[in-house]
Amino acid sequence: MKLTLDRLCITSKRLCNNCNKKLERGIVSEVDIEIGNILLNAAKSQKNLNNLSVTNIIETSGSIYIILQSGNLGIISNSKDHLLSQLAKYSDKQVTFLEKTKNTKKLIEDLLSPIIPVSTSTVMLPPDGEKELKVQVKQDDKSKILSSMELSQVTRAILGMYAHYTYV
Ligand SMILES: [Zn+2]
């Protein structure tokens, strides 16, 4: 299993210099250590989980997003109930597994499901052509999804670009 910190650092809860730097720079947080341990424990009985590769873990006010390497959702499908029940013992936040993807449209659909956005478009920003994502959601659907700040946080972790959510 590949996690967001070294396996040994997660199980011992004593971070090496490299892992400590990630923590100081805010790339990971305590939640990465806790969830790492939960996943490693689950893999003792559910061997298929050893093939899992976790790229980011994002905690928002009401949810925890575990971002997996592309194609990894299939690995957890049989263990999902077990995993979610173990994770529920640690946090009462809703836990969602998402796959890393370059397919912007698919990501936004997964993230907003069952809400369907009005439009999703990528714009290039001058002067260096940095990409930014613009997503429009119906005003009526606003209360059914995360806040735009939280959505931007998750979108950025997966796609590596800023996203602006607007309501029309
Ligand atoms: Zn380490």
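Helices here are DSSP runs of H or I with at least four residues, strands are runs of E with at least two, and both are numbered from the N terminus. Keep that in mind as we walk through.

This is a predicted model, where local features need pLDDT of at least 70, side-chain atom pairs count only at pLDDT 80 or more, and totals for chains, interfaces and linings use all residues. Residues are numbered from 1 along each chain as its sequence is written.

Start with a loop. K13 sits between α1 (7-12) and α2 (17-24). Its phi is positive, about 60°, although K13 is not a glycine. Most residues other than glycine have a negative phi. Is K13 buried or exposed? By the cut-offs, 20 or more other C-beta atoms within 10 Å of a residue's own make it buried, 12 or fewer make it exposed, and anything in between is partly exposed; C-beta atoms are placed from the backbone. K13 has 11 C-beta neighbours inside 10 Å, so it counts as exposed.

Now the whole chain. The count is seven helices and six strands. Along the sequence the pattern reads α-α-α-β-β-α-α-β-α-β-β-α-β. The C-alpha trace spans about 45 × 35 × 25 Å along its principal axes. What about the radius of gyration? That is taken over C-alpha atoms, and the globule rule is 2.2 Å times the number of residues to the power 0.38. For 168 residues, a compact globule would come out near 15 Å; the chain has 17 Å, which agrees. Of the 168 residues, 24% count as buried.

A word on contacts. Two residues are in contact if their C-beta atoms, placed from the backbone, lie within 7 Å. Take the contacts with a separation of 6 or more: 62% of them join residues 24 or more positions apart.

Next, domains. The bounds come from an automatic or database domain assignment. That assignment gives domain 1 (7-99) and domain 2 (104-167). Their C-alpha centres lie 24 Å apart. How many residues of each are in contact with the other domain? Seven residues of domain 1 are in contact with seven of domain 2. On the domain 1 side, β1 (54-59) and β2 (63-68) are the elements that give two or more residues. By class, that side has four nonpolar, three polar and no charged residues. For the classes, Ala, Val, Leu, Ile, Met, Phe, Trp, Tyr, Cys and Pro count as nonpolar, Asp, Glu, Lys and Arg as charged, and the others, Gly among them, as polar.

Sheets now. Two strands pair if DSSP finds at least two bridges between them. β2 and β3 pair in the parallel sense over six bridges. I64 has V95 in β3 as its bridge partner.

I67 is buried, with 21 other C-beta atoms within 10 Å. Which residues does I67 touch, leaving aside neighbours within four places in sequence? They are T55, N56, L98, K100, A157 and I158.

β4 pairs with β5 (residues 130-137) in the antiparallel sense over seven bridges. M124 stands opposite K131 in β5.

Last, two prolines. Most peptide bonds are trans. The bond from S113 to P114 is cis, omega near 5°. P114 is in the loop between α6 and β4. P126 and P127 are also joined by a cis peptide bond, with omega about 5°. P127 is in the loop between β4 and β5.
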